[in-house]
Structure formats: structure tokens, C-alpha cells
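Here are my notes on the model you sent. They are set out as numbered points, from single contacts to the whole chain and back to single residues.

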Amino acid sequence: MDSKTSEVKQIASQLLAGMLANPHIYPQISDEGHQGQLEQTLILMAVEMAEDLINQAQARNH
């Protein structure tokens, strides 16, 4: 696994934890658990946000 993939995973997990802890974003666990539609949407959102943050940080450094 390259360092960018590792970095994306780490940032995405932190973003996802924040979203799951916010009752306005994630009011309750669905019956499907992590396979539920809302959970999958939040996971994808966290990964996209992490990738975007890394790209923006890299662009600023160049």
C-alpha cells in the first residue's frame, strides 16, 4: 500500500468517525449496519473528502 492510500484511509476514518458521532448527520444505526445505504453513503463521502483534502494540501505546497 502506498503512502497516499494509507493517508486517505487514515483521514477518511477520522472524518467518518466525526460524521457518525454527529446526531444531525447520523441519527441512528440502520438495521443493515455498515452495509446500510446511509452508512455506505457516509463511507464514500469520507473517502472523497479525504482525497480532496490531500489534493488541496498538495496543490498548496507546489
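1. Contact here means heavy atoms within 4.5 Å. On that basis, and with residues up to four places away in sequence set aside, alanine 12 touches Ala46, Val47 and Ala50. Please keep in mind that this is a predicted model.

2. Secondary structure. The chain contains 2 helices and 0 strands. Helix α1 covers residues 3–21, and helix α2 covers residues 37–60.

3. Overall dimensions. The C-alpha trace spans about 45 × 25 × 15 Å along its principal axes. The radius of gyration of the chain is 13 Å, whereas a compact globule of 62 residues would have a value near 11 Å.

4. Of the 62 residues, 18% are buried.

5. Contact range. Among contacts with a separation of 6 or more, 56% are between residues 24 or more positions apart.

6. Nonpolar core. Which residues make up the largest nonpolar core? The set has 9 residues in all: Val8, Ala12, Leu16, Met19, Tyr26, Leu42, Ala46, Ala50 and Ile54. Both α1 and α2 are elements that give two or more residues to this core. As background, nonpolar side chains tend to be buried together in soluble globular proteins.

7. Methionine 19. This core member is placed in helix α1. Is methionine 19 buried or exposed? Methionine 19 counts as buried because its relative accessibility is 8%, and the cut-off for buried is under 20%. Not counting residues up to four places away in sequence, methionine 19 touches Ile25, Tyr26, Leu42, Met45 and Ala46.

8. Glutamate 39. This residue lies in helix α2. Glutamate 39 is buried but has no salt bridge. Where is the nearest side chain of opposite charge? That side chain belongs to lysine 9 and is 21 Å away, against the 4 Å limit used for a salt bridge. Leaving aside neighbours within four places in sequence, glutamate 39 is in contact with Tyr26, Ile29, Ser30, Gly33 and His34.

Methods. Residues numbered from 1 in each chain as written. Predicted model: local features only at pLDDT ≥ 70, side-chain atom pairs only at ≥ 80, totals over all residues. Heavy atoms only, no water. Helix = DSSP H or I, 4+ residues; strand = E, 2+ residues; numbered from the N terminus. Buried < 20%, exposed > 50% of the residue type's maximum accessible area, 1.4 Å probe, protein only. Lys, Arg positive; Asp, Glu negative; His and termini not counted. Rg over C-alpha atoms; globule rule 2.2 N^0.38 Å. Core = buried A, V, L, I, M, F, W, Y, C linked by side-chain atoms within 4.5 Å.
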